[in-house]
There are 2 protein chains.
Amino acid sequence: MSASVHRLYPGEPAQAPTLTPMLSLTADGMGGVNQIILDRMQSKIPLIPALAGHLIAGGGKRMRPMLTLASAALLEYEGVRHHKLAAAVEFIHTATLLHDDVVDRSDMRRGKQAANVVFGNPAAVLVGDFLFSRSFELMVEDGSLKVLKILSSASAIIAEGEVDQLTAQRQVETGEERYLHIVGAKTAALFAAACRIAAVVAERDPKVEQALDDYGRNLGIAFQLADDAIDYDSEVGESGKDKGDDFRDGKMTLPVILAYARGNEAERSFWQEAIRGRSVDDDDLAHAIALIARHDAVRDTRERARHFANRAIDAISGFPVNAARDAMIEAVQFAVSRRF
Amino acid sequence: MSASVHRLYPGEPAQAPTLTPMLSLTADGMGGVNQIILDRMQSKIPLIPALAGHLIAGGGKRMRPMLTLASAALLEYEGVRHHKLAAAVEFIHTATLLHDDVVDRSDMRRGKQAANVVFGNPAAVLVGDFLFSRSFELMVEDGSLKVLKILSSASAIIAEGEVDQLTAQRQVETGEERYLHIVGAKTAALFAAACRIAAVVAERDPKVEQALDDYGRNLGIAFQLADDAIDYDSEVGESGKDKGDDFRDGKMTLPVILAYARGNEAERSFWQEAIRGRSVDDDDLAHAIALIARHDAVRDTRERARHFANRAIDAISGFPVNAARDAMIEAVQFAVSRRF
């Protein structure tokens with residue numbers, strides 16, 4: 001199967017891509033990764049596994065560790081070193097989610113009550129710190145300074161992106177370029193690192209590292225933009241997060257950025273007031289969704305997502321065809337076609 | 001000057017120990033460390049240096065990086081590798097303070113408004129994460145896996161200790177043993193690591209590493225107990241933190257633990273209600289201080305602190321006499337004699 005079959009240009013017949021090939025490809029390895037995750041979230045302090053388990057056992061696709069495993073499979077790496085590192089990546093992600101929920105005062109996560117609601121903000125902050133420390137312990141056990149460099153740098157970039165997003169919150173003038181920069185940091189940096197470390201473990205050259213980094217980074221951006229689209233898509237039902245959360249939090253995501261840029265004066269006034277912190281109700285959310293539909297902002301957010309998805313696919317198109325490459329390509333297609 | 005001169009048994013005439021020898025010993029090195037701290041807290045996101053600078057420029061004794069430098073001087077290490085690592089230690093500490101203030105809902109820190117009050121809890125959480133990541137970047141740049149192991153392990157232990165303390169909060173039955181365990185984790189682990197890494201950088205044998213670890217750990221416990229005593233000492237004025245904060249937060253610290261264990265039924269009822277969360281006022285605080293005085297609980301907390309101080313001093317008594325050893329001994333004496 002060649003990469004070109006998978007291109008996502010508008011008008012191409014939908015193939016209903018799924019995550020199934022990726023799940024099959026990584027099933028065995030994820031068994032090992034999940035065992036490490038469960039083992040290493042333990043502590044003599046019972047609140048730690050209780051809280052971490054609430055979020056970790058609570059589902060989530062574990063996209064990032066799966067990407068480490070798929071990337072290793074793409075390179076036909078035969079060892080198991082990357083299992084520990086994939087667990088470290090998931091711990092960084094989990095720590096970020098815990099802190100995000102505190103920062104956003106979220107009520108729901110992955111379709112159930114957020115950990116900060118169940119256990120309180122203080123515990124969520126501190127258990128996040130624990131998981132973050134534990135992730136570095138796992139990396140140190142592996143012993144690759146190169147991996148440590150990639151993941152410590154990604155962690156700093158994620159934190160910068162989160163602060164940047166906080167600064168942009170309720171700022172209606174946030175533009176598309178700045179938003180893409182934020183997404184590149186807060187979401188895509190960890191996707192990129194998760195893929196890149198597989199090349200380090202497999203001892204492949206810098207070009208291979210870079211290709212996997214490019215794949216992960218573009219997939220991460222596509223993934224986030226697809227997420228943003230779902231939150232304002234009038235045609236989809238409830239997702240795991242509370243519908244309209246982004247709007248109520250005054251978050252400038254791409255659908256809003258596009259609708260605001262394309263809006264008339266009255267529309268801009270609405271956005272200014274709503275985003276700047278006027279208390280908003282369900283009618284406001286309905287109006288926001290209508291404005292976004294009028295300007296095709298969900299459709300175009302998805303088109304932007306497909307652009308990055310295509311770049312992700314092209315980044316690995318030079319690798320020899322194998323099951324891993326096919327699964328990684330379909331995972332990208334899945335990321336931008338999903339409606340949940 | 002021999003170590004025995006410095007013993008701290010009760011009745012020994014006070015010498016008014018100061019931190020001056022430690023400050024002089026480490027002045028040059030701390031110039032380098034401070035420069036690294038300032039350089040590496042920078043970011044393109046202006047909120048990050050603004051918030052980090054509020055806390056970092058806000059003073060604080062920088063005990064932990066000073067201990068790294070003093071330990072290196074004790075071993076007559078001549079390089080500068082440890083400057084970066086000392087900055088990493090301070091970043092871990094700063095991140096912990098930022099998160100602590102969010103967890104405790106503190107109003108004040110180091111005599112001024114806490115960062116979470118000025119910049120908000122979300123920013124304090126996220127900038128803490130940034131500084132924590134940055135500390136690992138600094139360690140990775142140094143490149144010692146041994147140092148990375150020591151500090152990642154210390155970070156996980158600190159986070160566990162913080163969660164443990166959270167679990168113990170408002171639990172009047174928290175005993176002295178459990179409390180010492182919490183202090184060992186949340187405070188002393190980083191003191192121990194700060195000292196131990198100097199031995200790694202100086203390439204000294206495991207016995208030297210262990211001696212410095214013991215010094216730092218015991219000093220850390222002594223330091224924390226002395227801090228706890230100050231919060232209930234009827235004879236001292238305002239300290240940097242709000243007087244009575246521990247009491248209002250329902251924290252079980254050693255003065256309260258001793259007074260509760262020694263109290264009669266009426267006193268225990270008072271502590272139970274106050275610690276378990278009844279709203280407390282200034283009269284309650286005055287009553288608490290009176291009960292603690294009645295049972296000599298501040299005096300005995302200081303005596304416990306001196307016990308650990310003596311162990312710290314003994315841990316380094318086998319090293320050849322030099323200015324660093326004298327300064328490190330006097331720093332211990334200072335830690336347990338200070339009234340602020």
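Student: Which residues do ring pairs link into a cluster with A:Phe132?

Tutor: Ring pairs join A:Phe132, A:Phe136, B:Phe132 and B:Phe136 into a cluster. Keep in mind that this is a predicted model.

Student: How many aromatic pairs does the structure hold over all chains?

Tutor: Over all chains there are 12 aromatic pairs. In one of them, the ring centres of A:Phe132 and A:Phe136 are 5.4 Å apart and the planes stand at 80°, so this pair is edge-to-face.

Student: What do I look at to describe such a pair?

Tutor: A pair of aromatic rings is described by the distance of the centres and the angle of the planes. Now find A:Phe132 and A:Phe136 in helix H6 (residues 121-142) of chain A, where they are 4 residues apart, about one turn of the helix.

Student: Is A:Phe136 buried or exposed?

Tutor: A:Phe136 is buried, with a relative accessible area of 0%. A:Phe132 has a value of 9%, and since buried means under 20%, A:Phe132 is buried too.

Student: Which arrangement do the rings of A:Phe247 and A:Phe270 have?

Tutor: Their centres are 6.3 Å apart and their planes are at 20°, so the pair is stacked. A:Phe247 is buried at 1% relative accessible area, and A:Phe270 is buried at 11%.

Student: Where does the charged end of B:Arg338 sit?

Tutor: Look over the ring of B:Phe223: the charged end of B:Arg338 is 4.4 Å from the centre of that ring. Likewise, B:Arg268 lies over the face of B:Tyr260, 4.6 Å from the ring centre.

Student: What can side chains of opposite charge do?

Tutor: They can pair when their charged atoms come close. The count here is 40 salt bridges over all chains. Among them is the one between A:Arg40 and A:Glu141, whose closest N and O atoms are 2.6 Å apart. It links distant parts of the chain, with A:Arg40 in helix H1 (residues 20-40) and A:Glu141 in helix H6 of chain A, 101 residues apart.

Student: Which residue forms a salt bridge with B:Arg109?

Tutor: The partner is B:Asp101, with the closest N and O atoms 2.8 Å apart. B:Asp101 is buried at 2% relative accessible area, whereas B:Arg109 is partly exposed at 21%.

Technical notes
Residues are numbered from 1 along each chain as its sequence is written. Chains are lettered from A and ligands numbered from 1 in the order in which they are written. This is a predicted model: local features need pLDDT of at least 70, side-chain atom pairs count only at pLDDT 80 or more; totals for chains, interfaces and linings use all residues. Side-chain values use heavy atoms; hydrogens and water are left out. Rings of Phe, Tyr and Trp (its six-membered ring) pair if their centres lie within 6.5 Å; planes under 30 degrees apart count as stacked, over 60 as edge-to-face and the rest as tilted. Helices (H or I, at least four residues) and strands (E, at least two) are DSSP runs, numbered from the N terminus. Buried means under 20% relative accessible area, exposed over 50%, partly exposed in between (1.4 Å probe, protein chains only). A charge sits over a ring if NZ of Lys or CZ of Arg is within 6 Å of the ring centre and within 35 degrees of the ring normal. A salt bridge is a side-chain nitrogen of Lys or Arg within 4 Å of a carboxyl oxygen of Asp or Glu.
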